[in-house]
Every structure is written in structure tokens, then in C-alpha cells.
Amino acid sequence: MNVIDIMKRPAAYASGYENIPGEEQNRAKQLCWEYNNRTAPSEQQKRREILQELLGTCHPMTGIEPDFHCDYGFNIHTHGLTVINYNCVILDTSPVNIGAGAFIAPGVCLACSGHAVDPGQRSQGIGTSAPITLEENVWIGANATVCGGVTIGADSVIGAGSVVTHDIPAGVIAAGVPCRVIRPITEKDKIRPEDILF
């Protein structure tokens, strides 16, 4: 099994820095640079074409605001309406699956990759990686970080500034450092129709 095959598996792994597929990483950096710096807001078709080339799976209803950065791109998969706001970073050393109806606020980081906790191994460049899954209709608040190995359940909301280190169940509001479930989402969370101004 080659390095790319290992990275594409939905399983955690450890690796050494010397095994990083530099050519694939440089390709992603180039495409991100073109997307962020060489396309005007009015050039939506050009942006869509770059995203189709960059991402492993890019649903037609995927919108990403610059600046956007990722490690490889081929490990990012959008499966429906996906709204990614400004300054998002996805460290996709493992698969990142983003379900339909995802709203990802400014400054969010989805970080599959990590480093060895043991200082000797860390100084040798040994790293870790694990997949991230956002199920359908997940909203991640501004400047939140989702760590490798985490699944966020359908319809859940992650509060701004949270650090998500463990799975979050479906249908809840969760927040904090580390992120924890605050309460379930209920009918009381609906905005009343008479309060919608336009």
C-alpha cells in the first residue's frame, strides 16, 4: 500500500515526515494560491473549476470564501450544500467528509493531523492523522477547531471558539474548550415567522 492509499483510508495512522507526498502538497498549495489570489469575486465559474480540481469530491453547491488553505485537497469531500466562510484551514492528511447542509464559519480549522506526544518522537518528525466527519446540517461556529478522529452528528451546532476533541452526538448544541454538549436542540430554538423581517 502506498502513502496516498494509506492517507485515503478512513482509519488513524502514524507517519514520518520523510514520507510526506510533497508533490501532492505542492499541487494543493498552488491551487489554493490561484483560488485565493488569482480569482475575483465575480469569477464564480473559475472558482468552481479550481475547487473541482482541488477537492476529492466537490458537490456543485460547494461555496468557499478566500482565504482557504488545505494540505492536499484530494481528501476533502463535500456531499451537498456546503458553505465555508473566510479563512478556513483543512489539514486533510486523512479523509474529511462534509455532509450536505454544512455551514462552516470564519476561521474554522479542521485538523486531521497531529504530532507525537513523546518529545523524542516529535523531534524526529513522527506525526499522527485521523479522519473527520461532519454529518448532515452541521454548523461550526467561528474560530472553532475540530481535531482528528472526530465525528459531529447530524443537525448539531458547535459554538464559536470551541475545540472539539471527541465525537459530538446528533441534534445538540456543544461548545467550550474542550467542547462538550450543552443541551439538545428543541422546537424552542426555531425563529418565529413573525420575527423574520425579510
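Author: The questions that follow concern a pair of helices and a histidine in a strand. This is a predicted model.

Reader: At what angle do α2 and α3 pack?

Author: Helix α2, residues 22-37, and helix α3, residues 44-54, pack at an angle of about 165°, and their axes are 10 Å apart. Since angles over 145 degrees count as roughly antiparallel, α2 and α3 are therefore roughly antiparallel to each other.

Reader: Which residues make the contact?

Author: From α2, the contact is made by Arg27, Ala28, Leu31, Cys32, Glu34 and Tyr35; from α3, by Arg47, Ile50, Leu51, Glu53 and Leu54. By class, the contact of α2 with α3 has seven nonpolar and four charged residues, and no polar ones.

Reader: And which residues of α3 are buried?

Author: Arg47, Ile50, Leu51 and Leu54 are buried in α3. Seen down the axis of α3, the buried residues fall within an arc of 100°, so they line one face of the helix.

Reader: Why would residues along a helix point the same way?

Author: An α-helix has 3.6 residues a turn, so residues three or four places apart point the same way.

Reader: What covers the buried residues of α3?

Author: The cover includes α2, together with β2 (62-64) and β3 (68-70).

Reader: Turning to the histidine, is His77 buried or exposed?

Author: His77, which lies in strand β4 (residues 76-78), has a relative accessible area of 16% and is therefore buried.

Reader: What does His77 touch?

Author: Not counting residues up to four places away in sequence, His77 touches Gly56, Thr57, Val96, Asn97 and Ile98.

Technical notes. Residues are numbered from 1 along each chain as its sequence is written. This is a predicted model: local features need pLDDT of at least 70, side-chain atom pairs count only at pLDDT 80 or more; totals for chains, interfaces and linings use all residues. Side-chain values use heavy atoms; hydrogens and water are left out. Axes are lines fitted to C-alpha atoms, for helices over the stretch in contact, and angles run from 0 to 180 degrees between N-to-C directions. Helices (H or I, at least four residues) and strands (E, at least two) are DSSP runs, numbered from the N terminus. Angles under 35 degrees count as roughly parallel, over 145 as roughly antiparallel, 65 to 115 as roughly perpendicular and the rest as oblique. Contact means heavy atoms within 4.5 Å. Ala, Val, Leu, Ile, Met, Phe, Trp, Tyr, Cys and Pro count as nonpolar, Asp, Glu, Lys and Arg as charged, and the others, Gly among them, as polar. Buried means under 20% relative accessible area, exposed over 50%, partly exposed in between (1.4 Å probe, protein chains only). The arc is that of the directions from the helix axis to the C-beta atoms.
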